[in-house]
Amino acid sequence: MTKPVAREPLRRNARANRARILATARREFGRNPDVTLEELARAAGVVRRTLFGHFPGREALLEALAEEASESLRSALASGVQAVEGEPAERSLARLAFSMWPVGDRYRLLLALAQRDLGAQRVAEVLAPARAAATAILERGQRDGVFHTHLPAAALSAGLEAMTVALLESVNTGVLEDDGTRVAIVTLIAAGVPEVRARAVAEAVAPTVAPVPDTADA
């Protein structure tokens, strides 16, 4: 029986087209949140039919981007949380901040798009693992007397998350440039760590944080 030799190249082409469309969407949505699918198809170098074959509408495309963000978050958390077991809570929080920063930087505009197009519930689902990890670290640090107890851990975690999103937007507007160090320091300070100690912890943790695999381009 003759093998369908063309099938695998076609599959490879389809995967390549899908990856190119998603990469283009990340870039173009960052430039213009109202970009049309027709404009995205042209920017990706594919015909409209090809784009709609993978993503029948804007919601489907944004959902695929949201799933990419979710996978990247899980990868970052797996790397960060595994490394922090047994560490003092202040180092754990700094390591988490360093691990999450590259992922958040890449998807900072997706969060706003998802709020508008996919709804707050979907955004909450994407961010849930990070929120749970941060809350657990904050609870531990509060028990150990490292972090302040003015707010419940869950509320403090929500506040730190909102601050991080605001800082990511500052990167987007050109107000801030950061490799994660500044964010790690200010996160520790906001959690109740004195500034000098926060700087020392962040500087000690920074060289030990492994790069997070880029699952979006895998």
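The model is predicted, so I take local features at pLDDT of at least 70 and side-chain atom pairs only at pLDDT 80 or more, while totals for chains, interfaces and linings use all residues. Residues are numbered from 1 along each chain as its sequence is written, and side-chain values use heavy atoms, without hydrogens or water.

Entry: α9 and α10. I looked up helix α10 (residues 195–205) against α9 and found an angle of about 140°, with the axes 9 Å apart. Helices here are DSSP runs (H or I, at least four residues) numbered from the N terminus. Axes are lines fitted to C-alpha atoms over the stretch in contact, and angles run from 0 to 180 degrees between N-to-C directions. The pair is therefore oblique. I noted a right-handed crossing, that is, the near helix is turned clockwise from the far one by less than a right angle. For contact (heavy atoms within 4.5 Å), α9 supplies Thr181, Ala184, Ile185, Leu188 and Ile189, and α10 supplies Glu195, Ala198, Arg199, Val201 and Ala202. By class I get 7 nonpolar, 1 polar and 2 charged residues. Nonpolar covers Ala, Val, Leu, Ile, Met, Phe, Trp, Tyr, Cys and Pro, charged covers Asp, Glu, Lys and Arg, and the others, Gly among them, are polar.

Entry: α8 and α9. The axes of α8 and α9 (residues 181–191) come within 11 Å and cross at roughly 150°. That makes α8 roughly antiparallel to α9. This crossing is also right-handed. Leu156, Leu160, Met163 and Leu167 of α8 meet Val183, Val186, Thr187, Ala190 and Ala191 of α9.

Entry: α7 and α8. Helix α7 (residues 120–143) and helix α8 (residues 153–172) have axes that come within 8 Å and cross at roughly 125°. That makes α7 oblique to α8. I recorded a right-handed crossing here. Among the contact residues are Leu127, Arg131 and Leu138 of α7 and Ala153, Leu156 and Glu161 of α8. The contact divides into 7 nonpolar, 3 polar and 3 charged residues.

Entry: rings. I found Arg48 over the face of Phe52, at 4.4 Å from the ring centre; the test asks for CZ of Arg, or NZ of Lys, within 6 Å of the ring centre and within 35 degrees of the ring normal.

Notes: Helix = DSSP H or I, 4+ residues; strand = E, 2+ residues; numbered from the N terminus. Parallel < 35°, antiparallel > 145°, perpendicular 65-115°, else oblique.
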